[in-house]
Amino acid sequence: MSLRVGIDIGSTTVKVVVLSEQDKLLFRSYERHFSKTRERALETLNAIRDMLAGQEIKVTITGSAGLGVADAAGIDFVQEVYATAAAVNTYIPDTDAVIELGGEDAKIIFFGGALEERMNGSCAGGTGAFIDQMATLMNVSVSELDELSLKHEKIYPIASRCGVFAKSDIQPILNQGGRKEDVAASIFQAVVDQTVAGLTQGRELKGKIVFLGGPLHFLMGLRERFVETLKLDGDHAVFPEDGDCFAAMGAALCATDYAPVPFETVLKKLEDSASTATVVDTMPPLFTSEAEYDSFAARHNASRPPEADISTYSGPAYLGIDAGSTTTKLALIAPDGGLLYTYYHSNLGNPVAIVLEQLREIYRLCGDRIVIKGAAVTGYGEDLIKNAFNCDLGLVETMAHYKAAAHFQPDVDFIIDIGGQDMKCFKIRNGAVDSIMLNEACSSGCGSFIETFAKALGYNIADFAKLGLFTQKPVNLGSRCTVFMNSSVKQAQKDGASVEDISAGLSTSIVKNAIYKVIRAASADDLGKHIVVQGGTFLNDAVLRAFEQELGREVTRPVIAGIMGAFGAALAAWDLHLDRSALLSEEALQSFTHTAKPATCGLCTNHCSLTVNSFDGGRRFVSGNRCSRPLGEEPSRLPDLMRYKYAKLRALQGKGEGDGSRGRIGIPFGLNMYENLPFWFELFTQLNFEVVLSPESSRKIYLKGQRTIPSDTVCYPAKLLHGHVEALVEAGVDAIFYPCMPYNFNEGAGDNNYNCPVVAYYPELLAANVPELKQVRYLYPYFGLHRPRDMERKAGEWFFNEFHIPKRETAAAVKAAYIAYNAYKNDLRNTGRTYIDRARAEGRPILVVCGRPYHMDPEINHGINDLITSYGFVLVTEDAVAYLEDRAPRHVLNQWTYHARMYNAARYVCTQPDMEVIQLVSFGCGIDAITGDEMRSILEEGGKLYTQLKIDDISNLGAVKIRIRSLMAAIEARKK
Amino acid sequence: MAKLVYDDTGRLLFTKEMKEEYTLLMPQMLPVHFGMMKKLLECEGYKVDMLTTNHRGIVDEGLKYVHNDTCYPALLVIGQLIDAVKHGGYDPHRVGLLITQTGGGCRASNYIHLLRKALEKADMAYIPVVSVNLSGLEKNPGFSLTLPFIRKAVYAMMYGDIIVNVANQVRPYEVEEGAADRMIDAWSQRLVDGFQAGKGMSRRQMRANFDAICADFAAIPVAGEPKIRVGVVGEIYVKFAPLGNNNLEKFLLSEGVEPVVPGLTDFIIFKIYNRVADVELYGGKWIKKAGCTAFMKYIEACQRDMIAALEQSGRFRAPGTFQDLHRLVHGYLGDGNKMGEGWLLTAEMLELIHSGTNNIVCTQPFGCLPNHIVGKGMIRKLKDDYPYSNIVAIDYDPGATRINQENRIKLMLANAKGLTHSEPARPREEPQVEREPQLAHANI
């Protein structure tokens, strides 16, 4: 028998092993390939020429990037999960399950019983590439990240679905002074949750579990998180010595079945396959000549502020600080806008230290000549920096950017700012911000995204961007979030695209993402005539060029594009016309100290993750809170219809007016129950059942049911149901009632009265996926509440069959249930009316929050309602005003009851000068792709602003705050 | 030049004048079925072009004009139509767009509205959009589905199903490459010619045609051992349309397996049955129920003819009847689960497993709402009940790359090859009491 060689070409690394006839490992290697997959494999084989020369060997290739190489070279291919299973079977035969994390894939294999093998779907980040990105974000190496994580004290909840989400969770924690150690461990925990949630899909991870793949091989902190989460002991958590090479070893084992080939032939095949590279999907080049580039560069370099020199200037100056998500920017300006001092640097995870150092430098340079007469701060870290250094003003980023853009292009009517982490676009109409678009959490792969790719391919960002400028065939990578982009790049690499082609392609992808996903524009005219682009990402000429190409229009990029936020803040500071700034003086900075401690607020069910920042002299700043209670102040409770409704619904449990003699019926408190509970509660209590509601939603409830969720892209409100029904089973109820309802109440406001498919049929999904439901009587019949008379009959039959309740009794109970439901609805409308009256009496703005009824669940909306009222709004929900409008034709099929309400509410708001709308959208809600556009057009036609808040299991409110404050700023600007 | 006429709600109508002057563009979902449909429309006096384009530009147009979070089929269909209007060499002022409209709680019923929004965005709001539906939605003076036409269409669909079915069973084994496809072309033409002459549209004539089709396809020379069979189910567009599923069938063929793709007939019966089920579940007019039941019964009778022809051929596997499928899904999903493909999707997986095709690709657009329940949501239970079932769920989306999808399918195939060595699929416990013996007509 001959030696067997397994080659595993993954998304980031190449592994090569040689096995002896006794399956003994004779050679192994593990190396990064920087997208040069075939070359790297060849190099390694050449390096072990001595061992194999002149011999016949058996060889197969495996791995996600191996397929292309194998095809091109005519070498046999084995799917990598299959190969891994083969290796585990051979080397660790009594294994129950395998968890393997690779560069971009996560896999689980279950042995014992039926063999099951699963890979992450196409939307599932939390893997090696994700960890790399997070390390970049924190400005540490992956091994440093690992070391940090081992010293953690607490774990922050970080979205575990997708890398991009996690990123938007981590950034604010870092910016608000969270400990790096804790964040590092939280990142690993997110990977664990992602793997468990995304891949187990109802099958329990127990017994002896083998952990494989690079990240699990090298990262002790990650191992620790897995072992702790799965509650494994040393015997049941196996980390094999060659765990990073198991797929390659499996490939070698699988090679047993194939014919032996001379080693030299294999080498030759690999060498010859080089020329077969084809790139199918390419785009026009960014620049066709150097001359074209030069005139492009000259045009853009013309937009610059007046010259100023800090070493000679004397007089007043104004300071602007932009504590952005990944970078901190400072600008010190003279009254004419001349730049005295600028700073642009990665904030290294600690903006306070950076600003401190910069302020000291600025004071030194200013000497006695320059007096700082105002300091303003903007950006993610606004609150922290403002409190740390006593800045005079904090302003929302959108306003800062507008101020700066208008300075260079007074006619500006559209601004797009692409920073490291977020993207902000807004239109300007009549000198006021008119419509704000921020990137949703799912498309936030902005500047830091190219940077991560550049690093992964072994370049720094500046060199990487330049590479793409003159390539003749940029590769078309599509426009999607980072996770998808990873696989697009993988595909391009497989097709033989060069690094230059990929660099140019990535620039275009960013632009497409911005234009089509965030702005949703079809043409340049959708944006405006005078477009100003800014943000550090636009300093990249490739991105700027791609943007102009895509729009077919020239735009303005100020030379200081990277510090426009800070520049705008400085202008805002100047606008204050102060005699002197309250900014900490040079002396005060001498004794400046800062420590940050994590804490969890226990004052209400939101359980906010707080960061307590302590400064010298006993000054404190708490961040992460949604209300003022952890600060020791009672929050002023403005009228909030969400809170009112929620309390009213939670009260609907117990025996009601009945005696409870027929037993205890459990009702999961989720999805359509937020609308229909008043009906079912009355029906069951009238029939003498006791109604037991599942507990209030919480992260704990979610985690309880997480492992039985079959589809990781379904919305968070649906995912929560798994935990709710499990809690009811534990509560020992006699039966759980959760009806399937394709139809909702017919309110006559739309063309039909459907529920969405998920709301309609989730009870059936639970029956098929939650094993605990087998221990209980789980009732999930189909009912249609839209036909009251038929409902009496149908319910009569059903209750007779299930509980032997006389039909007449049921009929009476159904009648009472309809009355109770209508009373509930009327009460909401009346209460809404009172709130609106009160708001008007007190002169407060009214915010109509449009969403689904279940968006009132504090675990789903993460306390957004508290945040809204804390800004001085009175909050009512869509159903409190929707009934005031009649049905009207829409541009979409208006066939869902909940959406018909939103359209009507939006139309009503358009008639009321003191009302604004915020639409809540659950991530993954496919239907809101349709309603969102329609809501926007209703509101914009009615002269109102459209603000959408996307919510998921993430609970960080940074992005939400920006939107709400931008909305407030825009309302303010309109008043003037 | 036809005048632009609008109805009360401001909808642009397709007028009689337009019927004379305009070319109607229709997307393609099932090449064989839609090909015949196109010919039938031409017989009715419409100028029709079926779009068979398949390139990246379609996705780009879709991304540009359709909300990017909308389901992938909407993006593709609309992208394809707009791409054709812009770059297909048509006079944009002389084209109309045909699109099917199903109605129902899935967002797919909004395609037509999304298409209109897209046209508006593209400054082409003057292009009339014609809804093809059986629910009487959106009438147009210049386009009507007459009863005789619907009858022909139903026959075309039945013929399409049997042709695709037998062709799928021949193609992986054909000695001469392309023989099955040539036979498809010949038969499509022959059938449509027959329709024009009023032939082939009675039960009797259809039975004869079915037999002839089976015989002709059976006569194509084949060779080789039976291959591993892989079923394809899913959201209707990505299940069938090569544009939607990155040429899934071709890929499966290249991997040396035999694709098994349940046909369209069950879906049509399913959509009619839903109206019956609605009345049964929630109450409603008996007349609606009776009408739908009658229509359904007729198509079911045709389906039984088709199954009989396949069984009698002695060469081909026949699918189960609609009622077989309905029985199988009992205990999985209720009769009211009707949005999108509803319970039918799960039923198709069950039928595949029961007929010895344990390996299944379940296709769906990324984030497809009904498929959370009826596709991915049922795989756990299927796996529990049939431990040897081997199902992979694949998401399709403008950003999902082919390599990613193919790698997952390859994993399923690797398992399939492993499984052929072990036991055949057998339910762990008999889930249903009665099972029709005719479901056992599985293996060749």
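Modeller: A bend at a residue is the angle between two fitted axes, one for the seven residues ending there and one for the seven starting there. The model discussed here is predicted.

Colleague: By how many degrees does α20(A) bend, and at which residue?
Modeller: Apply that angle along helix α20 of chain A, residues 499-519. The bend is about 25 degrees, and its site is N513(A).

Colleague: How far apart are the end C-alpha atoms of helix α20 of chain A, and what span should its residues give?
Modeller: The helix has 21 residues. At 1.5 Å a residue, they should span 30 Å. The end C-alpha atoms agree with that, at 29 Å apart.

Colleague: Is α20(A) largely enclosed or largely open, and how many of its residues are buried?
Modeller: A residue is buried if at least 20 other C-beta atoms lie within 10 Å of its own. The rest of the structure largely encloses α20(A), because the buried count is 20 of the 21 residues.

Colleague: What is the radius of gyration of chain A?
Modeller: Chain A holds 36 helices and 30 strands. For 976 residues the globule rule gives 30 Å, and the chain comes close to that, so it is as compact as a globular protein of that length. Its radius of gyration is 30 Å.

Colleague: Which helix gives the largest share of the side of chain B that touches chain A?
Modeller: In contact are 60 residues of chain B and 66 residues of chain A. Several helices of chain B supply at least two residues each to that side, including α3 (56-65) and α11 (265-282). The largest share, nine residues, belongs to α17(B).

Terms used. Residues are numbered from 1 along each chain as its sequence is written. Chains are lettered from A and ligands numbered from 1 in the order in which they are written. This is a predicted model: local features need pLDDT of at least 70, side-chain atom pairs count only at pLDDT 80 or more; totals for chains, interfaces and linings use all residues. Helices (H or I, at least four residues) and strands (E, at least two) are DSSP runs, numbered from the N terminus. The expected span of a helix is 1.5 Å times one less than its number of residues. A residue is buried if 20 or more other C-beta atoms lie within 10 Å of its own, exposed if 12 or fewer, and partly exposed in between; C-beta atoms are placed from the backbone. The radius of gyration is taken over C-alpha atoms; the globule rule is 2.2 Å times the number of residues to the power 0.38. Two residues are in contact if their C-beta atoms, placed from the backbone, lie within 7 Å.
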